[in-house]
Amino acid sequence: MPSLASLFLLLLARDTTGYWQQQVSYRITASLDEPTGVLSGRERISYVNRSSATLRDFYVHQYLNAFRPGSRWAAADSAEGRDRFQHLGDPDYAFERITAAALGGREVRPDYPYAPDSTIAHWTLARPLVPGDSLVVEVEWQARPSTLPRRQGRRGRRFDFAQWYPKVVVYDKYGWEDHPLYPAGEFYGEFAAYDVMLDLPEDEVIGATGVPVEGDPGWEKAKVDPAQQIDYQRLWYRSPLPAPGCAALRVGAGRKCVRFRAERVHHFAFSLNPQYRYEQGRYGDAVVRVLYLPEDRATWGNGIAVRNTVTALAWLDSLYGTYQWPQLTNVHRIEGGGTEFPMMIMDGSAGIGLIVHETGHQYTMGQLANNEWREGWLDEGFTSFQTGWFFETHGAGPAYDGLEPWILSLDLERWSEPVSLSSEHYRDFSTYNAMIYSKAQLFYEELRYVVGDETMRRILRAYFARWRLKHVDEDALREVAEDVSGRDLKWLFAEWLHATPLFDYRLKRVERHHLADGRWRTVVTIERRGDGRLPVEIGDGDTIYARATGEPAEERVEFVTAARPGRLVLDPRGRTHDYNLLNNREPRVLVGRSAWTFRLDDPTRETARRDRLVRAWLPVAWSNSFGGFTIGLRERTNYLGSYDRGLLVAALATGPGATNRFDFYGRWGNPIGHPEPRTETSVSAWSAEGRAGAKLSMDRSLRQHLDFGADPHVGFDALWMATTELGYIDRGLWDDAGSVEAGPWWSLTSSHGATVLHARFVARGGVVYSNPGKGIVSPTRYDFEGFGRFTGEASVRTPFWARTTLGLRLFAGGYTGASEPVRQRRIPVAGADPYETFTDPLLRSRGALFLRPDFYYHAPGNANLRAFGRDLGGRWAVSMNGEVTRSLGRRDRGFLREASLMGFADAGLVDTLAVPATKPGRGSTFLYEGGLGVVTRHRLRDLDWTLRFEVPLVVAPFQFAADSVSGKGRLAWRWQVSLSPSF
């Protein structure tokens, strides 16, 4: 007697009223010429119009034409900086050429409506095809995969044939789905019957869609276990195929005919390799075939790939229902990664994750056949979801926890686009991947959260029972989900598929009432601050007491418990995609919401938490001449790694003559309560080592793409800096003065292959005030004066001669004002100005480690004439910096990542305030320098830096060299170091 569950699924399965799909069958005969890689074929397509419309056109896909110059795929690659098929020459590019065609017995050549792209071929029908009428199309063609594999390919005698024949374009409720192939988005096909005869070299081993009904696929020769009884399944399909089959093909010597049959599939793919090894398994009625290379036996053989494929089928059977096809073939393809076809997956490895993902496509894409370019989330996101659930079920923890923070960062930075977009409408391929695979996976996780695990399983089984071996779309899935769950889910599908909302709930208030019977009534007030809506759980620890709808702007939820609830938290399991979990806790007296965690800071790695603010403390110490040995405590804070970022340093100078011993520096930025997409904002304040000040900063990224293209930024800074204790100050770099200034800046970084361009322009204006000494009336006279300060630079690094890299930089800077600029606002000759180095205690004050007179440290910036004294600066400077580096070796792991030899030469013109004129009457001074150096790049966990050791051999005028001790004269031995790239 059938169970209630099976009766329920049977009732659901019947509800596809109004659905139709076209009736298609292929009879294909093809012969492969291995030396050229060209397959020549003939096909007979029988087509029955099951729609209610009269058809006046006919279309086929010629997908292989995407993998060649001139295609829309190649154009998309060029636009995004990928070099794949647009420059391939003959015989490396792919092609699919129709050499003859007849429709209804009438010979006619196709046209190509998307030319120069030729992935869609079109004919106008001589006689309209009315509903119920049929059409026979006969086509002869030649096809060749590309030597650069992508979802197809060839390499020597290895061939992965996918989308290799003129394939009927789907006609569905939207009309003809004639859509060129782009890198984003995959395929869409009519369910059809296939009768395929292949003329191949006799030693080739083949894996394919369908079952071999005639000929030798090579498995007997290739089988690893001599005792293995191969199940060819030749009689799986009981109805006979048309005669004579292989007997009529008349293959030549050393060749063979293999005939495959497949029904109710929407593609036929195959893979060839004479070196394949064959292993076999079974899940239920389905035979599992695995073909791999001899050298892969340790990772694919010994039943590994067979077991993983069977495990995947068993898992998917438990989610959806019984696999509908006779077999599943898993082959080791040429390319890495994986691609799915009906009854066949082509994998780059035999890892369980990849196999579960690709086998999942046998259900979502295969038997539940969505349009992969119009609604890719229905297969890629779906199979990513079931893969995550598989690992969660097998003890790996929820996939949600690793996936959600990354998607949240895309949402907050407004990189996300609606999951429902057609593939080519995404801004770029990276966004397509993130939305279709990952954010779509998160949508299914949220659907699971809303309806519950058991209901989610019933939805998947009902969806498969109703729509297996049919075309599906969003409406099909949503209607099943609503039927099974008994809920209106339109809001959920609308928010997650057609919009990019942000979610934020705040626990506003908790009221507890001790009832007369000893129980507790608790009233929780929840405030919705985001534009997205999801149900919100309320709990403490592992106990969930209630669930709010999450819909109103303010919602009250009541629940009664036997014991007094502990401290309440909204969304304790973290399933609402709430971007600010810091306001989810019940506030307490004195500690507030206390949504933070303390830890010892690791300077090589910053820890971030999804649910708490991280406050990391680290003892620090440094020294200088006036303050002596200084000890301090540094706190770094962050939420999600990017928000509520803070830096607080409190320090105590222990030197016997120090005044103002207590130092403070604080910077706070990017508040999570007011997130601004692609914008860094901060407020800083300090009173440290004889200087006080404050700064407001804004940095807005204008880049249009995540992983390619230019990265322009605009920003604005407002700054106050004042001197308060001259004992700390290096009087060669600072005057007793201060400034209030503000202005915009702009920068651009752009990469073109290995060439990197950079530019930056800064404009500042404000008031400078100084204390030149006692006045006539006041003993503390200050002078005020308006000023402007402008700097600009442009640089390039690019591959050069004999495997070297050439770097060039141009700089110009100027100061405008009625009087001479104070030292700290001059345009420095050698490097960074004192405001730029102030936050580094090793460069801040007189006698600090990198400011000692016997230590030659270069902080790059400004004119960047690196070998000159750091105290040189004037009203203006123009300079050019040049470097040639030769790498001695690179590696991706370890502490030392790269070492290079470097030669450098710098030259510039500066005003005579910076360096006196070499001849009387001149208004500028020409400086130049050159030398050799060693540059190394290092990485320790997340911390990376560049170390430069340089030997400026030539400096002129030499009297102004930074290292004036090691040598005298224009040509001398000098040295300096830096922990930053020169530019």
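Student: Is Lys 439 buried or exposed?

Tutor: Lys 439 counts as buried, at 2% relative accessibility, where buried means under 20% relative accessible area, exposed over 50%, and partly exposed in between, with a 1.4 Å probe and protein chains only. This is a predicted model, in which local features need pLDDT of at least 70 and side-chain atom pairs count only at pLDDT 80 or more, while totals for chains, interfaces and linings use all residues. Residues are numbered from 1 along each chain as its sequence is written, and side-chain values use heavy atoms, with hydrogens and water left out.

Student: Which residue forms a salt bridge with Lys 439?

Tutor: Side chains of opposite charge can pair when their charged atoms come close. Here a salt bridge is a side-chain nitrogen of Lys or Arg within 4 Å of a carboxyl oxygen of Asp or Glu. Lys 439 pairs in this way with Asp 411, their closest N and O atoms being 3.0 Å apart. The pair links distant parts of the chain, with Lys 439 in helix α9 (residues 429–451) and Asp 411 in helix α8 (residues 399–412), 28 residues apart; helices (H or I, at least four residues) and strands (E, at least two) are DSSP runs, numbered from the N terminus. Asp 411 also counts as buried, at 2% relative accessibility.

Student: How many salt bridges does the structure hold?

Tutor: The structure holds 67 salt bridges, one of which joins the side chains of Glu 214 and Arg 259 at 2.8 Å, N to O. Arg 259 counts as buried because its relative accessibility is 3%, whereas Glu 214, at 23%, counts as partly exposed.

Student: How many cavities are there, and how should I read that count?

Tutor: Rolling a probe the size of a water molecule over the atoms shows where empty space is left. On a 1 Å grid over the protein atoms alone, a cavity is a set of points where a 1.4 Å probe fits but cannot get out, and lining residues have an atom within 4 Å of a point. Grid points are joined across faces, edges and corners, and a volume is the space filled by probe spheres set on the points. The count comes to 4 cavities of 30 Å³ or more, and about 100 Å³ of space lies in the largest cavity. Of the 15 residues that line the largest cavity, the closest to its centre are Lys 167, Phe 187, His 266, Met 365 and Glu 372.

Student: Which elements give two or more residues to that lining?

Tutor: For the largest cavity, these elements are β21 (338–341) and β23 (368–370).

Technical notes: On a 1 Å grid over the protein atoms alone, a cavity is a set of points where a 1.4 Å probe fits but cannot get out, and a pocket is an open set with protein on both sides within 12 Å along at least five of seven lines; lining residues have an atom within 4 Å of a point.
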